[in-house]
Amino acid sequence: MSSAAEPKVYGWCPGALRPMMSGDGLVVRVRAPLGKLSVNQARGVARLSQEFGNGLLDISARANLQMRGIREDAHEDLIAGLRELGLIDPDANAEARRNVLLAPFWAEGDDTHTIATDLSAALTAATDLTLPGKFGFAVDCGAAPVLQDIAADIRIERSGSSLILRADGSETGKPVTRESAVPEALALARWFVETGGAANGRGRMKPHVAKGIPLPAHHTTLTISANFTAKPGPVPAGTLAALEFGQMPAAALAQLADCGDIRLTPWRMLLVEGAESLPPLPGLILDAADPRLQVVACTGAPGCLQALSATRDLARQLAPHVPAGTRLHVSGCAKGCACPGAAPLTLTATGDDEFSLIRNGTAADQPLKTHLSADALRAAPELLTEGS
Ligand code: SF4
């Protein structure tokens with residue numbers, strides 16, 4: 001458990017080929033092509049997690065699968081196993097570049113599926129393009145957008161009946177077709193680099209656009225409506241299951257694969273293709289009214305080296321007391337990994353078993369109350385909302 005007051009900020013995201021050390025071993029992030037695991041791949045990942053790691057799997061906010069607790073001396077064998085499953089890129093740079101998130105409700109051969117497939121291939125091949133580690137693309141071309149609340153730097157989406165390419169943060173976009181979307185997206189990525197967006201190897205599109213640098217020509221005003229909230233239950237492509245705190249035991253993934261191929265979503269949910277219902281399994285939330293859907297909590301102690309306190313037991317215990325329609329974020333430090341934006345209620349650990357309460361802010365914002373122990377919060381959960 002760390003005692004540092006300031007969280008450490010990495011300018012990159014861990015991948016399979018460039019893992020990150022955490023409190024419980026290496027975190028190996030698998031970027032499944034098109035965010036999908038076949039039945040065989042899901043069973044294989046579950047087996048490798050149990051063989052080389054601690055048997056716990058996370059799903060990230062960019063729909064990647066994280067294998068936790070991987071032993072350092074087993075990393076090479078793990079990569080060999082993942083490569084056999086078709087889940088490893090040619091090299092770490094290609095893995096980092098192929099940061100494509102697609103709306104999970106795609107159908108084979110539709111705009112979303114086709115463009116995401118072509119974009120993934122083009123990014124893998126673009127060896128001369130160096131983008132910041134967190135720089136990503138979203139392909140969201142269904143009838144109604146579902147990824148508007150998900151971070152992405154370059155978006156290909158629908159505005160009325162047209163496909164539109166848009167720099168994140170811009171209120172204008174460029175009309176594109178299925179054929180022109182990918183070359184235009186790469187051109188926009190190159191514009192970002194050439195206009196200084198990736199200084200020192202870091203940078204995101206939204207703050208770059210906010211500087212007022214003129215976008216490339218032909219970007220026109222657009223309208224995008226969005227009001228989508230994912231919930232567990234049936235959807236057109238199958239059934240969604242939420243993961244408690246975005247984590248599940250590997251054994252549950254293997255059992256879930258008995259129901260069909262699995263799509264990873266950015267909502268800490270899995271979509272099981274073609275399934276009409278799913279069995280109750282450890283870590284899965286299948287009821288849209290489950291109070292655990294109203295809480296988010298990062299790994300916390302002891303799994304994260306920077307954590308000042310444990311988080312998830314407290315979040316689980318407070319969940320039934322979170323008022324309907326609001327949300328509680330419990331963070332092991334001020335970095336706020338589980339919810340980088342503002343939340344109605346946030347508890348940020350400031351020491352072992354000690355939290356600050358922030359309302360309508362991020363984990364690093366000014367607290368309303370300090371020095372709250374987990375026991376005090378459990379005994380009097382009204383501390384979260386009293387006086388509000
Ligand atoms: S927010 Fe949580 S997971 Fe992120 S660094 Fe802090 S303790 Fe670790």
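Leu 308 is buried, with a relative accessible area of 9%, where buried means under 20% relative accessible area, exposed over 50% and partly exposed in between, for a 1.4 Å probe and protein chains only. This is a predicted model, in which local features need pLDDT of at least 70 and side-chain atom pairs count only at pLDDT 80 or more, while totals for chains, interfaces and linings use all residues. Residues are numbered from 1 along each chain as its sequence is written, and side-chain values use heavy atoms, with hydrogens and water left out. Helices (H or I, at least four residues) and strands (E, at least two) are DSSP runs, numbered from the N terminus.

**Buried residues in loops**

- Leu 308 lies in the loop between S18 and H8, and its C-alpha is 29 Å in space from that of Phe 135, a residue 173 places away in sequence.
- Ala 275 belongs to the loop that runs between strand S16 (269–273) and strand S17 (284–285), and with a relative accessible area of 9% Ala 275 is buried.
- When neighbours within four places in sequence are left aside, Ala 275 is in contact with Gly 238, Thr 239 and Cys 259, contact meaning heavy atoms within 4.5 Å.
- Ala 275 and Ala 198 are separated by 77 residues in sequence and by 42 Å in space, taken from C-alpha to C-alpha.

**Buried charged residues in strands**

- Arg 263 is part of strand S15 (residues 262–264) and, at 6% relative accessibility, counts as buried.
- The side chain of Arg 263 reaches the backbone oxygen of Pro 104 at 2.8 Å, and a polar contact, also given as 2.8 Å, joins the side chains of Arg 263 and Glu 273.
- A polar contact is a pair of N or O atoms within 3.5 Å; within protein, one must be able to donate a hydrogen and the other to accept it, and residues adjacent in sequence count only if both atoms are side-chain atoms.
- Beyond its neighbours within four places in sequence, Arg 263 is in contact with a set of residues that includes Gly 35, Lys 36, Phe 105, Trp 106, Ala 237 and Met 269.
- Glu 157 lies in strand S8 (residues 154–159) and is likewise classed as buried, at 1% relative accessibility.
- The side chain of Glu 157 makes a polar contact with the side chain of Gln 148 at 2.8 Å, and another polar contact, of 2.4 Å, joins the side chains of Glu 157 and Arg 166.

**Helix packing**

- Two packed helices are described by the angle between their axes and the distance between the axes.
- The axes of helix H4 (residues 111–125) and helix H5 (residues 181–194) come within 9 Å and cross at roughly 45°, the axes being lines fitted to C-alpha atoms, for helices over the stretch in contact, with angles running from 0 to 180 degrees between N-to-C directions.
- That angle makes H4 oblique to H5, since angles under 35 degrees count as roughly parallel, over 145 as roughly antiparallel, 65 to 115 as roughly perpendicular and the rest as oblique.
- On the H4 side the contact involves Ile 115, Asp 118, Leu 119, Ala 122 and Leu 123, which meet Ala 181, Val 182, Ala 185 and Leu 186 of H5.
- The residues of this contact of H4 with H5 divide into eight nonpolar, no polar and one charged, where Ala, Val, Leu, Ile, Met, Phe, Trp, Tyr, Cys and Pro count as nonpolar, Asp, Glu, Lys and Arg as charged, and the others, Gly among them, as polar.
- The axes of helix H1 (residues 39–52) and helix H2 (residues 75–84) come within 10 Å and cross at roughly 170°, and H1 and H2 are therefore roughly antiparallel to each other.
- Val 45, Leu 48 and Phe 52 of H1 make this contact with Asp 77, Leu 78, Gly 81 and Leu 82 of H2, giving by class five nonpolar, one polar and one charged residues.

**Backbone geometry**

- Most residues other than glycine have a negative phi, and most peptide bonds are trans.
- Leu 34, in the loop between strand S2 (25–30) and strand S3 (36–37), has a positive phi near 55°.
- Asn 200, in the loop between H5 and helix H6 (205–210), has a positive phi of about 60° and is exposed, with a relative accessible area of 79%.
- A cis peptide bond, with omega about 5°, joins Ala 301 and Pro 302, and Pro 302 is found in the loop between strand S18 (295–297) and helix H8 (312–318).
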